[in-house]
Amino acid sequence: GMGGHKGGEVASKITADFMCNEFKLANSDISPAVFLDRSIQSVNDVVSNKAKEETEFEGMGTTVVAVIIKDEEAHIAHVGDSRVYIFRNGRPFFMTKDHSFVQDLVDQGLISEEEAEDHPKKNRILQAIGTGPVKPDITTKRLYKGDCILMCSDGLSGEVKEPELIKETSLSEPMKACKALVDLANERGGPDNITVIAVHIDNGDKPPKFTSSSQKKGIRLELI
């Protein structure tokens, strides 16, 4: 959440409550991707209207990440700079792309990923629930036994590096991993609110031997 003394707290609570309630009421035949898009668009209107009705909440908004797991697939949606990671075989497999000013610079090739980490406008996001029109990114990824899913706000990803995220989520039970990661971010100053959810996939098929283009490329070069 962001904006005002209470605004961010209110916007994030409205969003979490609304999406959970919509999920409970949803028809079983609706696809997860359609549900995620519709519910995010709907809650965007709800938060926007709340901010217009009460001046103390003017300008409030919130990021959102959501994952629905169905039939061995993760359906992932996000708005803003909170993230969803999937780690596989102790390596990064998938990460959402921030809706941020700095990520846009990276995409244009104007700055590097390394420069983005310490950019002065790192926290400037381009879209958020309640602040205007939103276009959630929605992705579907096949899951395998042993996969780890991590959802977090930038209060965590901004302070704890990816190798540390992988290590903690891979070696610890989900709740222990969440607590350890929050503690680690706080030890480094904890300048922002920290929200973390970890999910371990305990059932399903074993993952394929190679799960990313970079791994395949390495093997191809080795064969050459």
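1. The model is a predicted one. The volume of this largest pocket is about 920 Å³.

2. Which elements give two or more residues to the lining of the largest pocket? They are α1 (7-25), α2 (32-53), β1 (64-70) and β6. Helix α1 supplies the largest share of that lining, with 9 residues. Sorted by class, the lining of the largest pocket holds 16 nonpolar, 11 polar and 5 charged residues.

3. Two or more lining residues come from each of β3, α3 (101-107), α4 (113-117), α5 and α6. The lining of the second largest pocket divides into 8 nonpolar, 7 polar and 11 charged residues.

4. Helix α6, one of the elements lining the second largest pocket, spans residues 162-171. Within α6, L165, I166 and T169 are buried. Viewed down the helix axis, the buried residues of α6 fall within an arc of 95 degrees, so they line one face of the helix. P163, K167 and L171 are exposed on the other side of α6.

5. What do the buried residues of α6 pack against? Their partners are the strands β3 (83-88), β4 (91-95), β6 (148-152) and β7 (196-200), together with the helices α5 (154-157) and α7 (174-187). Of these, β6 also gives two or more residues to the lining of the largest pocket.

Methods
Residues numbered from 1 in each chain as written. Predicted model: local features only at pLDDT ≥ 70, side-chain atom pairs only at ≥ 80, totals over all residues. Heavy atoms only, no water. Buried < 20%, exposed > 50% of the residue type's maximum accessible area, 1.4 Å probe, protein only. Helix = DSSP H or I, 4+ residues; strand = E, 2+ residues; numbered from the N terminus. Arc of directions from axis to C-beta. Contact = heavy atoms within 4.5 Å. 1 Å grid on protein atoms, 1.4 Å probe; cavity = no way out; pocket = protein on both sides within 12 Å on 5 of 7 lines; lining within 4 Å. Points joined across faces, edges and corners; volume = space filled by probe spheres on them. Nonpolar A, V, L, I, M, F, W, Y, C, P; charged D, E, K, R; others polar.
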